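Hi,

Here is the model I said I would pass on. Have a look at it first, and then read my notes below.

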Amino acid sequence: MSVFPATAASRAADRGAAAAGGRAGPRGQRAAYLFIAPLGLGFAVFYFWPLLQTFYFSFTEFGAFGGHTFIGTDNYIRVVKDVTVWQALGNTLVYSLIGLTALPIALVVAALLNRRGLRGVALYRALYFVPFVTLPVAVGLVWNWLYNGDFGLLNDILSRFGADRHYWVSDPSTAVYAIGTVMVWSTTGYYLIIFMAGIKEIPRDYYEAAELDGAGALRRFFTITLPLLSPTLFFASVICMINSLQTFDLIYIMMAEKNPAIGDTQSVVGLFYKWAFIENAQGAAAALAFLLMLLIAALTYLQFRLQRRWVHYE
């Protein structure tokens with residue numbers, strides 16, 4: 001529609017365009033549905049249907065040789081009363097809080113790498129991103145060697161400063177934080193790439209105008225970069241929270257079966273694996289998985305509610 005005062009000809013043209021759009025609407029809608037059909041089908045088959053099955057199986061008990069019987073809410077009662085569930089939930093929340101520290105680290109590094117005139121940015125970006133694309137098995141094995149209490153590199157470095165050797169992943173007081181550190185190390189590169197892309201979308205005119213007004217680098221970061229990058233930061237925080245709540249593979253690799261700290265590091269997904277595939281308690285495991293899904297949905301909803309207070313959209 002024209003931005004100038006409407007004339008009879010322009011109004012007629014607008015009505016004609018609207019009428020034409022109305023006639024083309026159904027065809028456009030059919031085309032849109034056709035394009036999203038493969039994704040919708042995949043979502044229904046691989047996400048929605050398993051969700052319904054998990055919900056149904058959470059009310060059943062499986063036999064040792066297959067088959068299942070309906071037992072009502074017994075599985076949910078077991079989950080609520082089981083002490084190990086609450087311990088695993090506490091560990092998972094700690095992992096989530098530690099995992100969120102990857103965001104400010106990635107944000108600061110992204111701001112530093114986006115400085116004008118900096119050379120080797122592509123190399124730095126690749127080096128930070130390599131841990132994220134490395135298999136968790138390899139990451140866990142390498143960090144187990146670094147954390148080793150007898151010949152680990154970390155203890156070797158600390159011993160040069162007079163510190164005693166420590167069994168980082170065997171001590172219940174440090175095991176969760178040791179694993180959380182590896183999580184931050186392996187995911188920072190992913191958020192770094194996201195933040196660097198977001199910072200590049202901020203017009204350089206804002207920084208140049210602030211620099212002419214005498215604003216320093218720190219002032220420009222807090223008054224320009226951080227507010228305009230808040231939508232990207234919000235997206236990364238949601239993804240980080242969801243991934244942290246589902247952490248399993250790294251813990252499984254780093255914690256041996258007879259590790260004395262295995263109970264103090266077990267996540268909710270790790271407990272689900274134990275119940276479903278070791279103790280043959282698939283019904284209780286399904287109830288635990290469904291409650292974890294509800295927890296993730298609740299925390300994600302809370303993040304979406306709170307984003308209205310700090311996310312600034314242009």
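Which residues of the largest nonpolar core touch the most other members? They are Leu103, Ala110, Leu113, Tyr191, Leu192, Phe195 and Met196, out of 25 residues in that core. By a nonpolar core I mean a set of buried Ala, Val, Leu, Ile, Met, Phe, Trp, Tyr and Cys residues joined through side-chain atoms within 4.5 Å. At least two residues of this core come from each of helix H4 (102–113), H8, helix H9 (204–212), helix H10 (217–228) and H11. Another core lies apart from it, with 20 residues, including Val79, Val85, Leu271 and Ala276.

Before the rest, some bookkeeping. This is a predicted model, where local features need pLDDT of at least 70 and side-chain atom pairs count only at pLDDT 80 or more, while totals for chains, interfaces and linings use all residues. Numbering starts from 1 along each chain as its sequence is written, and side-chain values use heavy atoms, with hydrogens and water left out. Helices are DSSP runs (H or I, at least four residues), numbered from the N terminus.

Back to Tyr191: leaving aside neighbours within four places in sequence, Tyr191 is in contact (heavy atoms within 4.5 Å) with Ala102, Leu103, Ala106, Ala236, Ile239, Cys240 and Asn243.

Now the helix pairs. Helix H6 (residues 136–147) packs against helix H8 (residues 175–200) at about 130°, with the axes 11 Å apart. The axes are lines fitted to C-alpha atoms over the stretch in contact, and angles run from 0 to 180 degrees between N-to-C directions. H6 and H8 are therefore oblique to each other; the scheme is under 35 degrees for roughly parallel, over 145 for roughly antiparallel, 65 to 115 for roughly perpendicular, and oblique for the rest. From H6, Val139, Trp143 and Tyr147 meet Ala178, Thr181, Val182 and Trp185 of H8. That contact divides into 6 nonpolar, 1 polar and no charged residues. For those classes, Ala, Val, Leu, Ile, Met, Phe, Trp, Tyr, Cys and Pro are nonpolar, Asp, Glu, Lys and Arg are charged, and the others, Gly among them, are polar.

H9 and H10 pack at about 160°, and their axes are 10 Å apart. That makes H9 roughly antiparallel to H10. On the H9 side the contact uses Tyr206, Tyr207, Ala210 and Glu211, and on the H10 side Arg220, Ile224, Thr225 and Leu228. By class, this contact has 5 nonpolar, 1 polar and 2 charged residues.

A couple of serines are worth a click. Ser96 lies in helix H3 (residues 83–100) and counts as buried at 2% relative accessibility. For burial I use under 20% relative accessible area for buried, over 50% for exposed and partly exposed in between (1.4 Å probe, protein chains only). Not counting residues up to four places away in sequence, Ser96 touches Met241, Ser244 and Leu245. Ser230 is in helix H11 (residues 230–245) and is also buried, at 2%. Beyond its neighbours within four places in sequence, Ser230 is in contact with Trp310, Val311 and His312.

Finally, Asn280 sits in the loop between helix H14 (268–277) and helix H15 (282–310). Its phi is near 55°, a positive value in a residue other than glycine. Most residues other than glycine have a negative phi. Asn280 counts as partly exposed, at 32% relative accessibility.

Cheers
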